[in-house]
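Please look at the sequence and the structure before reading on.

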Amino acid sequence: MNVPFVDLRAQYESIKGEIDATIHNVLDNTAFIGGREHSELRKEFAAYCDTSACALVGNGTDAIYLALRALGIGAGDEVITVSHTFIGTVEPITMAGATPVFVDVHEDLMVINEDLIEAAITPRTKAIIPVHLYGQPCNMDKIIEIATRRDLRVIEDAAQAHGARWNGQRVGSIGDLGCFSFYPGKNLGAYGDGGAVVGADDELVERVQMLANHGRKDKYLHQIEGVNSRLDGLQAAVLRVKLRHLDSWNELRAKNAAEYSARLAGQPHLTPPRLHELGDSVWHLFVVKTEDRDGLSATLKSNGVSSGIHYPVPLHQQPAYEYLRLPESSLPVTEKIAKEILSLPMFPELTPEVISQVVETAAEHFSVAS
Ligand SMILES: *Cc1c(COP(=O)(O)O)cnc(C)c1O
């Protein structure tokens, strides 16, 4: 058995004709920066997110950084988020000059525990960054309620959740700004780096786009100092093709998740992911919990099954954040689940047969071990 964790080649093969044609078209027009593919994708991705505006940027980390900058968040400010996430959520807070403040997650849902947010708010708090981790939406009703009452901005980290819905609404369109990554392995992935910021405040989103292009609106007129963080024309063209397939790929992911959950139902040593009733996940990852994570991961590997851990070392325990001086057990749930989580292979092209083999291999591990 040889089961990859994701299979980008299978996806490319399935849309090769469309991709090759659009890439050649960009080459023929030498529309490498800006251009028609870029401006069309801005409209199409905004529409996909049920919002009015979209800025395209160089990657997901810059998307969050530029969202913070556009909202005027920087030195002396605090931003509340989770430690149980990819570092790309938190680097932008520091890049903007602000300080990250971590709150714990729900043990079963593994996204921000909204009931812990208020206790973390100080007079310096300016924003909350909820992370729709693994494709699963956070409780946005409660987060928006807190933010409105306490006058805080909300920047959604939707880097793993293109197309997910909270209570019927697309993620990214619920907070002040929504940030996406188009890293190749994401649900909507480019053939290189890319990112986007969406929102309903056209002027604010335009400010993000301006900041991402040296702070200019006209070629030789710079309103402010920005950065160079642009999505190039080739990536925009690839993403336009793939955006047309995104909903059907997300449906296949959901089918695969249902298949996994059905197979895992009778397994005492493996806890399948739990979702909030109002959340519609797009299953970027399928993450189970188990008391023998490292043993299981080794058994899967020796049987040709790739797995991952998202994420093994919480950010507040990383050397990079030692300066925050957060003691052991400051985020007990985050620290506990980091030792138990295992991401099983998940991608649209996965088949029920392979899923069943993966679960059988995992079940065997525990029957041998006990
Ligand atoms: C991928 C990711 C990012 C950063 O995106 P890049 O495009 O890699 O910079 C941020 N947050 C989360 C949750 C991510 O998964």
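The ligand is surrounded by 13 residues, the closest being Gly 60, Thr 61, Asp 157, Ser 181 and Lys 186; a residue is near a molecule if one of its heavy atoms lies within 4 Å of it. The model is predicted: local features need pLDDT of at least 70, side-chain atom pairs count only at pLDDT 80 or more, and totals for chains, interfaces and linings use all residues. Residues are numbered from 1 along each chain as its sequence is written, and side-chain values use heavy atoms, with hydrogens and water left out.

| Side chain | Distance to a ligand oxygen atom |
|---|---|
| Thr 61 | 2.5 Å |
| Gln 160 | 2.8 Å |
| Lys 186 | 3.0 Å |

Taken alone, the ligand exposes 380 Å², and the protein buries 92% of that. These areas come from the Shrake-Rupley method with a 1.4 Å probe.

Helix α8 covers residues 202–211. Helices are DSSP runs of H or I with at least four residues, strands are runs of E with at least two, and both are numbered from the N terminus. Within α8, Leu 204, Val 205, Val 208, Gln 209, Met 210 and Leu 211 are buried, that is, under 20% relative accessible area with a 1.4 Å probe and protein chains only. These buried residues pack against the helices α3 (36–48) and α4 (60–70) and the strands β1 (53–57), β8 (177–181), β9 (195–199) and β10 (216–218).

Ala 212 lies in the loop between α8 and β10. Is Ala 212 buried or exposed? Ala 212 counts as buried because its relative accessibility is 0%. Leaving aside neighbours within four places in sequence, Ala 212 is in contact (heavy atoms within 4.5 Å) with Val 57, Leu 66, Val 227, Asn 228, Ser 229 and Arg 230. Asp 62 is 150 residues from Ala 212 in sequence, yet their C-alpha atoms are 8.4 Å apart.

The other loop residue is His 84, between β2 (78–82) and α5 (91–95). His 84 counts as buried because its relative accessibility is 3%. Its side chain makes a polar contact of 2.9 Å with the side chain of Tyr 134; within protein, one atom of such a pair must be able to donate a hydrogen and the other to accept it, and residues adjacent in sequence count only if both atoms are side-chain atoms. Beyond four places in sequence, the contacts of His 84 include Val 105, Met 110, Leu 133, His 310 and Ile 341.

Conventions: Buried < 20%, exposed > 50% of the residue type's maximum accessible area, 1.4 Å probe, protein only. Polar contact = N/O pair within 3.5 Å; in protein donor to acceptor, adjacent residues only side chain to side chain.
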